[in-house]
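Please work through each task with the sequence and the model in view before reading its solution.

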Amino acid sequence: MIANVGYFSLVLAFLVALYGAIAAVYGERSGRSRYIESARHAMLLTWPLVTVSALAIIWLLVNGQYQIRYVASVTSNSMPAYLKITALWGGQAGSLVFWSWLMAAFASAVGLRKWRRDRDLLPWVVVVTMVTLAFFLGLVIFVGNENPFARLWLSPEGQQVTALFQPRGATPLVPPDGQGLNPLLRHPGMIIHPPTLYLGFVAFVVPYAFAIAALVTGRTDDRWIRITRRWTLVAWLFLSLGLILGGRWAYDVLGWGGYWGWDPVEIAALMPWLTGTAFLHSVMVQEKKGMLKRWNMILIILTYALVIFGTFLTRSGVLSSVHAFAQSAIGPLFFAFIGATFIGSLSLLVKRWDDLKAENQLGSLISREALFLFNNLLFMGILVVCFWGVIFPLISELFTGQKVTVGPPFYERANSPLGLGLLLLMAIAPLSVFGRTSWKLLGKALWKPLALSLLVPIFSILRGTTNLGALIGYWVISLITLVTLYEFWRGALARRQRHGESFPAALWKLTSRNRRRYGGYVIHLGVVLMTLGIIGIEIFQAETQGTLAQGEQLTLDRYTMIYDSLSQFDTQDGRNVTRAVVSVYRDGKYVGELYPRKDFYYASQQPMTIPGVRSTLEDDFYVLLVGWESIGLGGATFKVFHNPLVNFLWIGGLVFILGTMVAAWPARESESVLKFARKRAATARS
Amino acid sequence: MRKITLTLSMMISILALLTLPGAVAAQGGEPTDDEVNEIAKELYCPVCENVPLDVCPTLACEQWREIIRQKLSEGWTEDQIKQYFVEQYGDRVLATPPARGLNWLVYILPPLAFVVGAYILFRAIRGWRQPAMAEESFPPTAPEDPYIARLEEELQKRDR
């Protein structure tokens, strides 16, 4: 019953979304605004409809309705209730509904904004969001495998069939227990990681919708960028948070001592982030100088295509081979949709190409706008590397029949110089100015922080660091830090002189009245800290592995661990746990016990390796239990990592998110700004 | 199906290895786990996609590591061992495709795209700048926020 309600509601949402798109086009073309208003109402209605559907799935999951195939495949009796709820996005069918639900929520939120000034954009925003929503709902409804409400039946011939409604002669098949959620996904990080990533994905549809609306209506000003500024920042905030959480989850759960493995699924989430980040920077040039109008369009179109591509990749392993792709029901559909929207958007852009001419000239090669362009070039470079690395195995298989692996060494080698270039820009750009500028002016601003920053690598050499990569890294991040702090300092100083405020008050006012700029700088500081963590792992990580008898020890860098004991037991939730106890000594001093363990999930027959980690600001000592002989008597094999500085990665991630929140926080526009805006609008009209 | 055949062929080859009559006596002593992992780190088994062999927890990968250990103790070099796996399972066991044939594209396309991108960018910049040179009166940019304008002004004054 509940399943039928959920399914019906989903079908209704699909029809309403289609109606919204059609009514919007009709209303706009025929000039009947009633239809446009009706389309807006349809957009608002999709959210409650998909909500009903999502709630129905949650109800089925929590109540263990195992006749529903999706419920049987992602939950089991032993799972706690909160995991049963999160199982909504634990499998492909459920996560497509979840994606649609978020999309509908964002569409409704957009529908509720004040449209008075931008009435002309409304119909096209409705079309883009509703077509996107209809596509995802259509996948769930029409592609057999993706329907989360399909039930299991036993045909008269004794075969198991999956169908929504009872096939003729079949009897309901109700398994006593489900298979349970993939153990990898039973981690707090995994509970919030997919929703945040999806939020980021979905929110990027909004700026895309406005961009398309601007293209169709032929508005060449930067209105669409101004309207969607906060949407874009929110999208970017969630995407960044999703990536950081994913890294943390990998570090805690995947048991390979790292946080990022250049897996296609990770790259799928990174790619829209890359274009989104380039977009965030280059829109500032359009707002300030009326330049890069075409480029910003290209960036947001690319971001949208990559969002859809990413959604597709993260939930299905179908890109792993040509065969898997051809056999999957949704692969070709996804590609048709991405192709159609991409080509459609580009042809719109071509149509408006001449209208989107730059209003201004480039000041100088080292002006702020030129540096933003270099920033974009580097981000695009990283994007090409990532995209090519993900796609190439398929191309190779298609043309030569040979499968190849494009693994981390490829990405690391190709992306490191590009990343270094971005860091250098981050150090220089804040000191540059828009418009005309000269090397002399830049040099004057730069030389002091430059000289100071060189002290850091020199000091490191004296302390015994000889690794060139690390020294360059230390130098660049100290330069960024100095330049960024200098920006805060001189801004606050200028305010203090002008308004006679105390320094902290000036700093506060400065930031709160220029949220985007200074929030951006806080993000840069976050990147600095994260880079420090990355240097720690990429350059200074050490590892060793050994098989120990009880009482024996293993030494790595300054750490020594002694294998004390091993125990093995079953748990209530269907796991068999093998847990080792090791004592850890640092510089010969006892610092505590760690409990690396291996969980074996009976239902899914999957092992999980949970590390024992001693974490300090300076470093992590990370112990994995790899294997063991018969209990108690024989030895156990441990893999041990020493990860210096890794915690700066997580601290930097927090600072990064904090900075994004500062930048995205709604600012109360002051009276003078409003007056100014009104005056500007008035002159623009006349 | 393909995965099953692969796993099967792997298991058969492992069995064949284990039953080799009189495995050659160790030449450089028993190799340590670290020596094994050093090589395993750069290999990928065809079944566990994207998980390097040194950290892969599956049984099949454990057996691969045993093969590496055995080969090492027989005095094989790292390259010989990698070559052995390539011959058995194809290029996909390597972390990056060997640079030959179509695979060259992996390494050539990204830098090429970057150079093309840089070229387009520089041409665009030149195109933007030329009219600027011709035009004497450069229009001052008007920041949208008068407060920012004031701040910029202040900052420039201070810097002078």
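**Exercise 1.** In which hand of crossing, left-handed or right-handed, does H15(A) pass H17(A)?

Solution. The structure is a predicted model. The two elements are helix H15 (residues 408-428) of chain A and helix H17 (residues 468-499) of chain A, whose axes lie 8 Å apart at an angle of about 25°. Angles under 35 degrees count as roughly parallel, so H15(A) is roughly parallel to H17(A). The crossing of H15(A) past H17(A) is left-handed. On the side of H15(A), the contact is formed by Leu420(A), Leu423(A), Leu424(A), Met426(A) and Ala427(A), and H17(A) supplies Val476(A), Leu479(A), Ile480(A) and Val483(A). By class, this contact comprises nine nonpolar, no polar and no charged residues.

**Exercise 2.** Determine how H2(B) and H3(B) are oriented to each other.

Solution. Begin with the axes: those of helix H2 (residues 33-40) of chain B and helix H3 (residues 59-73) of chain B come within 9 Å and cross at roughly 115°. The range from 65 to 115 degrees counts as roughly perpendicular, and H2(B) and H3(B) are therefore roughly perpendicular to each other. The crossing is right-handed. Glu35(B), Val36(B), Ile39(B) and Ala40(B) of H2(B) make the contact with Arg65(B), Ile68(B), Arg69(B) and Leu72(B) of H3(B). Sorted by class, the contact has five nonpolar, no polar and three charged residues.

**Exercise 3.** State how many helices and strands chain B has, and what share of its residues is buried.

Solution. Chain B contains six helices and zero strands. Of its 160 residues, 21% are buried.

How values were computed. Residues numbered from 1 in each chain as written. Chains lettered and ligands numbered in written order. Predicted model: local features only at pLDDT ≥ 70, side-chain atom pairs only at ≥ 80, totals over all residues. Axes fitted to C-alpha atoms, helices over the stretch in contact; angles between N-to-C directions. Helix = DSSP H or I, 4+ residues; strand = E, 2+ residues; numbered from the N terminus. Parallel < 35°, antiparallel > 145°, perpendicular 65-115°, else oblique. Left-handed = near helix turned anticlockwise from the far one by under 90°. Contact = placed C-beta atoms within 7 Å. Nonpolar A, V, L, I, M, F, W, Y, C, P; charged D, E, K, R; others polar. Buried ≥ 20, exposed ≤ 12 C-beta atoms within 10 Å, placed from the backbone.
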